[in-house]
Amino acid sequence: MSLKVIEENRGEWAVLRVSGELDLVTSPTVRQHVHDAVADGRRSLVLDLSQVLFCDSSGVGVLIASRRLMRSCAGRLRLILPARGAVEGSHVNRVLAALGVRRLFDCYPDLAAATDEAASPLSA
C-alpha cells in the first residue's frame, strides 16, 4: 500500500491528512510535507493519522523529528488519532505507546478538537 498526504488549512493550522502506510519507503514524504509547511511560515501543524494503517519505526522517527522541528521554531504539533484510539488503541497509538513515546505528543480524536484552542489532548 502507498501513502497519500493531503494538505489543507484550518485558520492558523496547517493540516496534513496522512493515509496508508507510514514506513521506511513512505516516511520521507511526510517529513518533506512538514518541512515545507515550516518553510512556508506555518507554526501550527496538525498531522491527521486517523487513516494510517501501519506505522514502523521510520514513521515514528518522522513524528519525533516533526515534534523537534516544531518546537525549535516555537511551533505546535498536534496528532489526530481515531476517535476511539485512546480507548481501543489505533495502530499508531499502540506503536507510540509500545515505544514509550506516546506521552511526547498532544493527540486529539478529530480535526475539530485538534484545531480548538480550548480542547484538551487525549490522555496517554
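Predicted model: local features only at pLDDT ≥ 70, side-chain atom pairs only at ≥ 80, totals over all residues.
**View 1. Cys55 and Cys107, two cysteines without a bond.** Cys55 is in no disulfide. The nearest cysteine sulfur to that of Cys55 belongs to Cys107, and it sits 12 Å away. A disulfide needs the two sulfur atoms within 2.5 Å, so at 12 Å the sulfur of Cys107 is too far from that of Cys55 for a bond. Both side chains are worth a look for burial too: Cys55 is buried, with a relative accessible area of 3%, and Cys107 is buried at 0%.

**View 2. The hairpin of strand 1 and strand 2.** Here strand 1 (residues 3-10) and strand 2 (residues 13-22) run antiparallel, joined by eight bridges. Pick out Ile6 and you'll find Arg17 of strand 2 standing opposite. Two residues lie between the strands of this hairpin, and Gly11 takes a positive phi near 65 degrees. As a rule, side chains in a regular strand alternate between the two faces of the sheet.

**View 3. Ser27 and its surroundings.** Ser27 is found in helix 1, which covers residues 27-39. Ser27 counts as buried, with 4% relative accessibility. So what does Ser27 touch, leaving aside its neighbours within four places in sequence? Its contacts are Leu22, Ser58, Gly59 and Val62. Glu12 makes a handy reference point: Ser27 and Glu12 are 15 residues apart in sequence, and their C-alpha atoms are 25 Å apart in space.

How values were computed
Residues numbered from 1 in each chain as written. Heavy atoms only, no water. Buried < 20%, exposed > 50% of the residue type's maximum accessible area, 1.4 Å probe, protein only. Pairing = 2+ DSSP bridges. Helix = DSSP H or I, 4+ residues; strand = E, 2+ residues; numbered from the N terminus. Contact = heavy atoms within 4.5 Å.
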